[in-house]
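Please read it with the structure open.

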Amino acid sequence: MEEHGSYDLAIEEKTHILKAYGSWNFETAKKWGAETKAILNGIIDKPWVCLVDLSQWELATPDIRTYVHDFNLWLNENNLKYLAVVYSLHLQVEVLKITHVVLTNVEIKYFDNHKDANEWLNSIEL
């Protein structure tokens with residue numbers, strides 16, 4: 001099946017940045033997960049933070065739930081300590097809270113704007 005939706009990934013020091021676009025299907029989620037693990041390989045040996053920008057994301061197909069659950073378990077075990085999520089729809093927060101339940105080693109905050117998310121992450125000392 002063809003991928004639907006897209007994303008940009010970046011690493012800035014100890015911060016991983018994901019910008020998601022459109023509506024994702026399983027193929028997009030699987031590609032995102034593999035690429036994310038590859039670029040995080042250089043920072044997961046110590047605590048790190050993540051900024052997820054969902055301001056242009058439109059949710060995903062239900063078939064990615066198991067994949068995202070397993071991916072979040074991997075994040076939890078690989079030193080992610082703080083997660084800032086910028087959302088555009090409150091529904092995004094409700095869906096993510098369900099999948100983020102396995103992130104027991106991670107402090108998560110949800111923001112409706114980039115400024116507050118960046119200020120929170122910049123205030124964290126690792």
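1. Is Asn72 buried or exposed? This is a predicted model, and the answer is a computed one. Asn72 has a relative accessibility of 5% and therefore counts as buried, the cut-off being under 20%. The residue sits in helix α2, which spans residues 65-77. Leaving aside residues up to four places away in sequence, Asn72 is in contact with Thr99, His100, Val102 and Leu103.

2. The sheet. Five strands make up an open sheet of mixed pairing, and their order is β1-β2-β3-β4-β5. The edge positions are taken by β1 (6-12) and β5 (107-111); each has a single partner strand, so one side of each lacks a neighbour in the sheet. From one strand to the next, the twist averages 15°.

3. Pairing of β1 with β2. These two strands run antiparallel and are joined by seven bridges, with β2 covering residues 15-24. Two of the residue pairs can be checked directly: Ile11 has His16 as its bridge partner in β2, and Asp8 has Lys19. The hairpin of β1 and β2 has two residues between the strands, and Glu13 there adopts a positive phi near 55°.

4. Pairing of β2 with β3. Here the strands run parallel, and eight bridges connect them. For orientation, Trp24 can be located opposite Ala60 in β3. As a reminder for anyone following side chains along these strands, in a regular strand they alternate between the two faces of the sheet.

5. Helices on the sheet. Helix α1, residues 26-40, lies across β1, β2 and β3 (48-60), and its direction is at about 10° to β1. Helix α3, residues 90-99, also packs on the sheet, where it touches β3, β4 (80-86) and β5. The direction of α3 makes about 125° with that of β3.

6. Salt bridges: how many are there in the whole structure? The search finds three. One of them joins the side chains of Lys31 and Glu3, at 3.8 Å from N to O. Lys31 belongs to helix α1 and Glu3 to the segment before β1, so this pair ties together parts that are 28 residues apart in sequence. Both ends are partly exposed, Lys31 with a relative accessible area of 36% and Glu3 with 34%.

7. The side chains of Lys115 and Glu119 meet at 2.9 Å, N to O. Both residues lie in helix α4 (residues 114-122), four residues apart, so the separation is about one helical turn. Lys115 counts as exposed because its relative accessibility is 56% and the cut-off is over 50%. Glu119, at 44%, counts as partly exposed. As for shared partners, salt bridges join Glu3, Lys31 and Glu35 into one network.

8. Surface patch: which residues form the nonpolar patch? Leu89, Leu91 and Val95 do, and together they have about 240 Å² of accessible area. Val95 is placed in helix α3, the helix that touches β3, β4 and β5. Val95 is partly exposed, with a relative accessible area of 34%.

9. Places to look at again. In the sheet, the edge strands β1 and β5 each have a single partner strand. Among the side-chain pairs, Lys31 with Glu3 links helix α1 to the segment before β1, whereas Lys115 and Glu119 lie within helix α4. Asn72 in helix α2 is the buried residue raised in the opening point.

Terms used
Residues are numbered from 1 along each chain as its sequence is written. This is a predicted model: local features need pLDDT of at least 70, side-chain atom pairs count only at pLDDT 80 or more; totals for chains, interfaces and linings use all residues. Side-chain values use heavy atoms; hydrogens and water are left out. Two strands pair if DSSP finds at least two bridges between them. Axes are lines fitted to C-alpha atoms, for helices over the stretch in contact, and angles run from 0 to 180 degrees between N-to-C directions. Contact means heavy atoms within 4.5 Å. Patches are made of residues with over 30% relative accessible area and no salt bridge: like charges are joined within 9 Å, nonpolar side chains (Val, Leu, Ile, Met, Phe, Trp, Tyr) within 5 Å. Accessible areas come from the Shrake-Rupley method with a 1.4 Å probe; for residues, only the protein chains shown count as cover. A salt bridge is a side-chain nitrogen of Lys or Arg within 4 Å of a carboxyl oxygen of Asp or Glu. Buried means under 20% relative accessible area, exposed over 50%, partly exposed in between (1.4 Å probe, protein chains only).
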